[in-house]
Amino acid sequence: MSRRPKLPRAPRPWPCVILAIDPGKVSGWAILREGRPVLSGTATTREDRERAVGSALCIGEDSGLPLVVVGEKWTPGGRFGGARTMAGLGAAWGRWEETLDEAGVPKTRRLRVNVQTWRAATIGGPQRKSEQWKADAVATVRRVYQIEAKTSDEAEAVLVGRWAESAGEVGRKLPKRTLRECDMERFVA
């Protein structure tokens with residue numbers, strides 16, 4: 001099976017609003033507009049998810065920018081190795097998908113990123129235990145954005161958004177007109 005070629009990162013944040021989601025029993029979420037965090041939090045209920053999605057849609061509409069949703073995905077192994085854990089994480093993402101469907105967010109504006117991919121791009125360094133990754137996520141958000149994330153789930157969502165802000169995969173989700181208007185078409189060819 002051939003893999004799709006890795007897309008280059010854009011030289012500046014994409015002209016869009018990103019709703020970044022770290023799904024789980026307690027889901028972290030963050031909204032970034034053109035590379036800057038605007039709002040973030042955690043979601044444990046349907047109402048929390050609806051509020052996050054609704055806020056992202058409103059911020060996109062108010063700023064005239066398209067919304068792209070980026071959710072963390074997992075691969076078997078490590079802390080995600082057990083069947084029950086993988087099933088629970090899949091169910092958590094399914095609840096977000098249902099909320100996105102009900103809000104009318106097109107599937108063509110959604111993508112998933114492996115936990116290893118966003119961590120390597122935003123935190124970096126050697127492998128470590130889950131608790132250390134989470135502590136490093138909180139510290140990275142504090143250092144990069146001067147934001148005190150209330151939980152590691154929220155911090156990880158902010159960093160998923162940081163990865164997404166100039167990821168080539170996100171550029172492919174944007175309307176061609178948007179890319180032309182900001183002269184960034186060449187970065188998604």
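This is a predicted model: local features need pLDDT of at least 70, side-chain atom pairs count only at pLDDT 80 or more; totals for chains, interfaces and linings use all residues.
From the N terminus on, the elements to trace run β-β-β-α-β-α-β-α-α-α-α-α. Across the 189 residues of the protein, 48% count as buried. Among contacts between residues at least 6 apart in sequence, 66% join residues at least 24 apart.

**Stop 1**

Select P23, in the loop between β1 (17-22) and β2 (27-33). Is P23 buried or exposed? P23 has a relative accessible area of 4%, under the 20% cut-off, and is therefore buried. P23 and D153 are 130 residues apart in sequence, yet their C-alpha atoms are 8.5 Å apart in space. D153 is also one of the buried residues of α5, a helix visited below.

**Stop 2: S40 in β3**

Move on to strand β3 (residues 36-43) and select S40. Which side chain does the side chain of S40 touch in a polar contact? The partner is the side chain of E154, at 2.5 Å. Show the surroundings of S40, leaving aside its neighbours within four places in sequence, and the residues in contact with it are W29, A30, K150, E154 and V158. Two of these, E154 and V158, are among the buried residues of α5.

**Stop 3: helix α5**

Select residues 152-164, helix α5. At 1.5 Å a residue, its 13 residues should span 18 Å, and the end C-alpha atoms are 18 Å apart, which agrees. The helix is mostly covered, with 11 of its 13 residues buried. Among them are A155, A157, L159, V160 and W163, along with E156 and G161. At the start of α5, display T151: one of its side-chain oxygens reaches to within 3.4 Å of the backbone nitrogen of D153.

**Stop 4: helix α1**

Select residues 46-63, helix α1. The 18 residues should span 26 Å at 1.5 Å a residue, and the distance between the end C-alpha atoms, 26 Å, agrees. Colour D48, R49, A52, V53, S55, A56, I59 and G60, which are buried. Where do these buried residues lie when α1 is seen down its axis? They fall within an arc of 155°, so they line one face of the helix.

Leaving aside neighbours within four places in sequence, G60 is in contact with V17 and L65. Just after α1, select G64, which takes a positive phi of about 70°.

**Stop 5: charges over rings**

Select R112 with W93. The charged end of R112 sits over the ring of W93, 4.2 Å from the ring centre. Then select R128 with W133, where R128 lies over the face of W133 at 4.0 Å from the ring centre. How many aromatic pairs does a search of the whole structure find? The search finds zero.

Terms used:
Residues are numbered from 1 along each chain as its sequence is written. Side-chain values use heavy atoms; hydrogens and water are left out. Helices (H or I, at least four residues) and strands (E, at least two) are DSSP runs, numbered from the N terminus. A polar contact is a pair of N or O atoms within 3.5 Å; within protein, one must be able to donate a hydrogen and the other to accept it, and residues adjacent in sequence count only if both atoms are side-chain atoms. Contact means heavy atoms within 4.5 Å. The expected span of a helix is 1.5 Å times one less than its number of residues. Buried means under 20% relative accessible area, exposed over 50%, partly exposed in between (1.4 Å probe, protein chains only). The arc is that of the directions from the helix axis to the C-beta atoms. Rings of Phe, Tyr and Trp (its six-membered ring) pair if their centres lie within 6.5 Å; planes under 30 degrees apart count as stacked, over 60 as edge-to-face and the rest as tilted. A charge sits over a ring if NZ of Lys or CZ of Arg is within 6 Å of the ring centre and within 35 degrees of the ring normal.
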